[in-house]
Amino acid sequence: MSGGFQGSLLEVAGEIGPGSLGSSVRRTVLDRGAWIDVRPGWLAGADALFERLSERVPWRGERRQMYDRMVDVPRLLCFYDEDEALPDPALDAAKRALDRHYAAALGEPFRTAGLCLYRDGRDSVAWHGDTIGRGSTHDTMVAIISIGAPRDLLLRPRGGGHALRHRLGHGDLIVMGGSCQRTWEHAIPKTARPAGPRISIQFRPRGVR
């Protein structure tokens, strides 16, 4: 799974786990009640974690209806529900740190973890919001950790408009909060430029997909 991956030149071998949050988090207030937090390099040892998850996670491909035909989903997936053990202790530590930092604002813990493996620049996810469940009607949060090679995550107002671009990888954290899931959309576009593999780890509260 990890062929072609090149680690960050800045990463030093050591313990894998989350760093600080607090004042190191950069918040951008969007319109219509949405906001995003970004913490570059939050997860130490991200390249080693990428190697572990790429081998340990039971990745699967999916097919979905697209208009009048079935097509392959352009990435590999694995979902961990709230009663399932996460595939690595570093993810448990990251979830605990996120729960502590966002407890007052979110009012509940993160419950599930969705993992996506983008194998190269041909893998992608189209414009969408996480609006299956409560995200379609209520403010919520989705926290995403990116490990592996950096890829662009784009955000734009729902219905179109100027897109914001964040290049995320090697342990970067982005949290989408407030009304972001129902008033904004996000995407990982395909790219023709050389792109190594990337894993996205998405923590969500109960009833948000």
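Is C180 buried or exposed? C180 is buried, at 2% relative accessibility, where buried means under 20% relative accessible area, exposed over 50%, and partly exposed in between (1.4 Å probe, protein chains only). Keep in mind that this is a predicted model, where local features need pLDDT of at least 70 and side-chain atom pairs count only at pLDDT 80 or more, while totals for chains, interfaces and linings use all residues. Residues are numbered from 1 along each chain as its sequence is written, and side-chain values use heavy atoms, leaving out hydrogens and water.

**Overall build**
- The protein has 3 helices and 15 strands; these are DSSP runs numbered from the N terminus, with helices being H or I of at least four residues and strands E of at least two.
- Its C-alpha trace spans about 45 × 40 × 35 Å along the principal axes.
- Buried residues account for 51% of the 209.
- Looking at contacts between residues at least 6 apart in sequence, 79% join residues at least 24 apart, a contact being heavy atoms within 4.5 Å.

**The nonpolar cores**
- A nonpolar core here is a set of buried Ala, Val, Leu, Ile, Met, Phe, Trp, Tyr and Cys residues joined through side-chain atoms within 4.5 Å.
- The largest one holds 36 residues, and L53, L98, I145, I147, I201 and F203 touch the most other members.
- Several elements each supply at least two residues of this core, among them α1 (46–56), β8 (112–118) and β15 (198–204).
- Helix α2 gives the most to this core, with 7 residues.
- A second, separate core has 20 residues, including L153, M176, C180 and W184.
- Setting aside neighbours within four places in sequence, I147 is in contact with residues including L43, L53, H170 and I201.

**Cysteines**
- A search of the whole structure turns up 0 disulfides, a disulfide being a pair of cysteine sulfur atoms within 2.5 Å.
- C116 is in no disulfide, and the nearest cysteine sulfur, that of C78, is 9.9 Å away.
- C116 counts as buried, at 9% relative accessibility.
- For C180, the closest cysteine sulfur is in C116, 17 Å away, so that is too far for a bond.

**Rings and charges**
- The whole structure has 1 aromatic pair.
- Rings of Phe, Tyr and Trp (its six-membered ring) pair if their centres lie within 6.5 Å; planes under 30 degrees apart count as stacked, over 60 as edge-to-face and the rest as tilted.
- W35 and Y102 have ring centres 6.4 Å apart and planes at 15°, so they are stacked.
- This pair links distant parts of the chain, with W35 in strand β3 (residues 34–39) and Y102 in helix α2, 67 residues apart.
- W35 is buried at 12% relative accessible area, and Y102 is buried at 3%.
- R27 lies over the face of W35, 3.6 Å from the ring centre; a charge sits over a ring if NZ of Lys or CZ of Arg is within 6 Å of the ring centre and within 35 degrees of the ring normal.
- The charged end of R209 sits over the ring of F79, 3.9 Å from its centre.

**Around T183**
- T183 is found in helix α3 (residues 180–183) and is buried, with a relative accessible area of 12%.
- Beyond neighbours within four places in sequence, T183 is in contact with D31, R32, A34, P157 and R158.
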